[in-house]
Amino acid sequence: MITSEILLSLVSSAFVLMIFSFLYRDNFWFHLASNIYICGTAAYTTAMALRTLYFQGLVPIYGGSSWYLLALIGSVLMFMRFVRGYEWLVRWPTAALVGAGIALNMAAAAQAQIAAQIVDTMKSVFTPSITTNINNLVIISGVCFVTLFFLFSKETKGVMKPVNRIGRCFLMVALGSSFAYALLGRTSLLLERFKILVAFPDNLLMVLAAALIAYDALSRRKS
Amino acid sequence: MLKKLSKDPRWLYVLFLIGIMIPLVKPIGLPMGISDNTRKVYDALKSVPADGLVFLSPDFAVENRGELQAMLVVIFKTLLPMGVKIVSAGFYGVSSAMLMDEAMNTVGLANYGKKYGVDFVNLGYLPGEETTIAALGADVHALVKVDYYNKPISDLPLMSRFRRAGDVNLVISLAAGNEYPEKWIRQWQVKYGTKITGGAVAMIYPALLGYVASGQLQGYLDSSRGAAEFEILTGNPGAAVVTMDAQSIGHIIAILAIVLCNLSYILKKESRT
């Protein structure tokens, strides 16, 4: 018996396959699925934004927190960029947002992201554990060489040439690690979908999609 | 084969799909260790006293569901039997609250003898990012009036004990961007000394390791791999564990493809010279 859960799963799998079909070639089904996705996302985002505006903007005003009106006026001013001749009004709420954001961020950032990180880089390379010493040495030298790599006021010649090269090596290792993590993440996303696709009855859709692609490939080869 | 691959990358997709599908259908059972970071997250969760309060923040959206939803579910499954109270709110995107709702339905509060409003509250999506996180830490009730289901928070018994950051024992941020754990560190840890842990998508995970090393984050879970390790560690094998074999095979194929492509590039270059 087809339950609503199975039906929902089939619809979800069909959309996944329609989007994946782009890997074979651009086609109608891919565009259909991507357009429906965009519509759904836009509708959901708008509905949630209106809900937020109501509960966090209008309800407090009705409840007597009249100073929320200032925020509401600021929000309206944000839309002034669409009114010809009044575009400049956008600057006021933007300035307030930027000012508050920077003020909130700066004080804590100095402590959390600069001081704490510098303190953590001051590691001992003379601990009883050899592996810890090696790790600490790599961290200290990595920070020093990469910082020197970004020292733009010194020309890359003489002693700065090998220093820059080592700094670049550290950066390349970091970029390589980032790429590997990106691969892990993307594979995870793919697997989350495939876990559903390989299960019955969704796997029937996959067989159908494979057959359609094979048929298309053969007929294109013949023509 | 190299020629086919270099002429048409679609063969690589086919190879990759077949490679990951086989272990999904028939798991191989490749060994998997538990990393120190996962143990740190586990210890942080276990350090919360029974009846303590945890703020669980799904700072991710639908597009990161594949990486973080399993993590959200297993963290939920770990916290509920401990008797810990959970308040949740998302700051990343409008769909974060929906994902929290999905996790709650997957786990089922009733399965653990818990009640909504008493043991768990979902405040929904709160816009404003860092400003909101800061405001929430100062006075929750001044900022939030209703929960995700439009119930006034004054009617929810759990919310009477959650008024400011100081009431929270641990923040768990499941992040799709490294700026989220950083925001929590800046606004809650620096100001109130709140402990912070969580999990992140793989792309941003390396950027957070510095904070783990400095002790600003109490460990961090690494994408679906971290979720799988956590599932094993807590004895809740679930959605992440079943994909780990396929993940490893996918990585092996990617490494082989990188090696083969570089080899073909070098051989081509040599044959030209």
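What share of the 273 residues in chain B is buried? I looked this up first, and buried residues make up 47% of them; a residue counts as buried if 20 or more other C-beta atoms, placed from the backbone, lie within 10 Å of its own, as exposed at 12 or fewer, and as partly exposed in between.

Before going on, I noted that this is a predicted model, in which local features need pLDDT of at least 70, side-chain atom pairs count only at pLDDT 80 or more, and totals for chains, interfaces and linings use all residues. Residues are numbered from 1 along each chain as its sequence is written, while chains are lettered from A and ligands numbered from 1 in the order in which they are written.

**Chain B overall**

I found eleven helices and six strands in chain B, taken as DSSP runs (helices H or I, at least four residues; strands E, at least two) numbered from the N terminus. I then boxed the C-alpha atoms of chain B along the principal axes and got roughly 75 × 40 × 35 Å. Of the contacts in chain B between residues at least 6 apart in sequence, 73% join residues at least 24 apart; a contact here has C-beta atoms, placed from the backbone, within 7 Å.

**Where A meets B**

I see 38 residues from chain A and 43 residues from chain B in the contact. On the chain A side, α2 (28-62), α4 and α6 (160-197) each supply at least two residues, and α6(A) gives the most, with 15 residues. By class, that side has 22 nonpolar, twelve polar and four charged residues. Here Ala, Val, Leu, Ile, Met, Phe, Trp, Tyr, Cys and Pro are nonpolar, Asp, Glu, Lys and Arg charged, and the others, Gly among them, polar.

Axes are lines fitted to C-alpha atoms, for helices over the stretch in contact, and angles run from 0 to 180 degrees between N-to-C directions.

**Inside chain A**

My last stop was α1 (residues 4-20) and α7 (residues 202-222) of chain A, whose axes come within 9 Å and cross at roughly 30°, so α1(A) is roughly parallel to α7(A).

Definitions and conventions
Contact = placed C-beta atoms within 7 Å. Parallel < 35°, antiparallel > 145°, perpendicular 65-115°, else oblique.
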